[in-house]
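Please consult the sequence and structure shown here.

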Amino acid sequence: MPERVLFTPAALDEDWGQQILARVQSLNLPIEELSQNRLKGLRGESERDTYNIAKRTLAVVTAPPSSFKLSPIPPSADWQFHLAEGCPAHCQYCYLAGSLSGPPVIRVFANLPQILENLANYEQQGETTSYEVSCYTDPLGIEHLTGSLAECIRYFGTRPNAYLRWVSKFDAVDGLLDLPHNGHTRCRMSVNAAPISGKLEGGTASIASRLDALRRLALPQERGGGGYPVGLVIAPIMPINDWQMHYSYLFDQINEALDFDCNLTFELISHRFTPGSKEVLQTWYPQSKLEMDEAKRSIKRNKFGGTKYVYGKDIMKALRCFFESEISRRFPNAEILYWT
């Protein structure tokens, strides 16, 4: 629950903005209606203060015109779009650090109907098109405040060749189970080994709760579930002490939660960081024990000249072999979408 909710005038002019306003009012949260379409008062005396202020603030705004020009997001999906920017979780390896400018306030977009309407412009006649909506937020973590994820699922349920993908570290899925998704939404949970999740993923649901939520999403509707295609994003994978034992236990938990036939995929993402993200994360979490030692990493450059620090070739090979063999052995009908 945010400590305060800000609404810009433009957001209140939108029907969806009024719907979010009604939700927030029903939760008795402090509401501020701003006099202009700019957010102010989010900075503290230090970067850590700014982080704390911003993370406790929900700002309902309108998506700028630039968000209507979609970007490809391989290997996750064909395109990404956004119903919000910013996340309520406190993951010490946060992938948004350095990706979004300004304080990490959670910005929710009130012009969602126009955002969804724009997606049809990116569909190719007769071809399937996939869209990722979790790049800049955890949509389930703010769903009780917005209702926007359910609206996206309903929309994709009406599109014959378009498919939605979202991922979360939260577990409040009850409101999604009865939606008419028509198999066009894949619901995924981000999970990790217990020492990583327990120490580095503050403010999130436990792994057991996430897996129980995924079970309910995947169960057939006649058994009280959502009947969705589902997936697991194991990220960020780290070669911590006794990593094989800890990740084997994670697979035991997954096995127990998904002990029935379901449409299941895996996405495997090793830990990496950039110089910019390291700098931001160290101001947000100055006491963090997250390993970000460039001397222990290999450099990976992209075509735009950007630099990432990844694990060395031998470590990556050992990690990949372990995960691929465990998944093929335990979940022979599941598909591994990618390793990165």
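**Salt bridges, a helix face and backbone geometry**

Author: At 55% relative accessibility, Arg-329 counts as exposed (over 50% relative accessible area; buried is under 20%, partly exposed in between, with a 1.4 Å probe and protein chains only). The model is predicted, so local features need pLDDT of at least 70 and side-chain atom pairs count only at pLDDT 80 or more, whereas totals for chains, interfaces and linings use all residues. Residues are numbered from 1 along each chain as its sequence is written, and side-chain values use heavy atoms, with hydrogens and water left out.

Reader: Which residue meets Arg-329 in a salt bridge?

Author: A salt bridge is a side-chain nitrogen of Lys or Arg within 4 Å of a carboxyl oxygen of Asp or Glu. An α-helix has 3.6 residues a turn, so residues three or four places apart point the same way. At 3.0 Å, N to O, the residue is Glu-326.

Reader: Within what arc do the buried residues of helix 3 fall?

Author: The buried residues of helix 3 (residues 47-55) are Thr-50, Tyr-51, Ala-54 and Lys-55. Seen down the helix axis, they line one face, because the directions from the axis to their C-beta atoms fall within an arc of 120 degrees.

Reader: Which helix do the buried residues of helix 3 pack against?

Author: Contact means heavy atoms within 4.5 Å. The packing partners include strand 3 (57-61), strand 7 (90-91) and strand 8 (106-109). The helix among them is helix 10 (275-284).

Reader: What is the omega of the cis peptide bond from Ala-235 to Pro-236?

Author: Pro-236 lies in strand 13 (residues 230-237). The peptide bond from Ala-235 to Pro-236 is cis, with omega near -15 degrees.

Key
Helix = DSSP H or I, 4+ residues; strand = E, 2+ residues; numbered from the N terminus.
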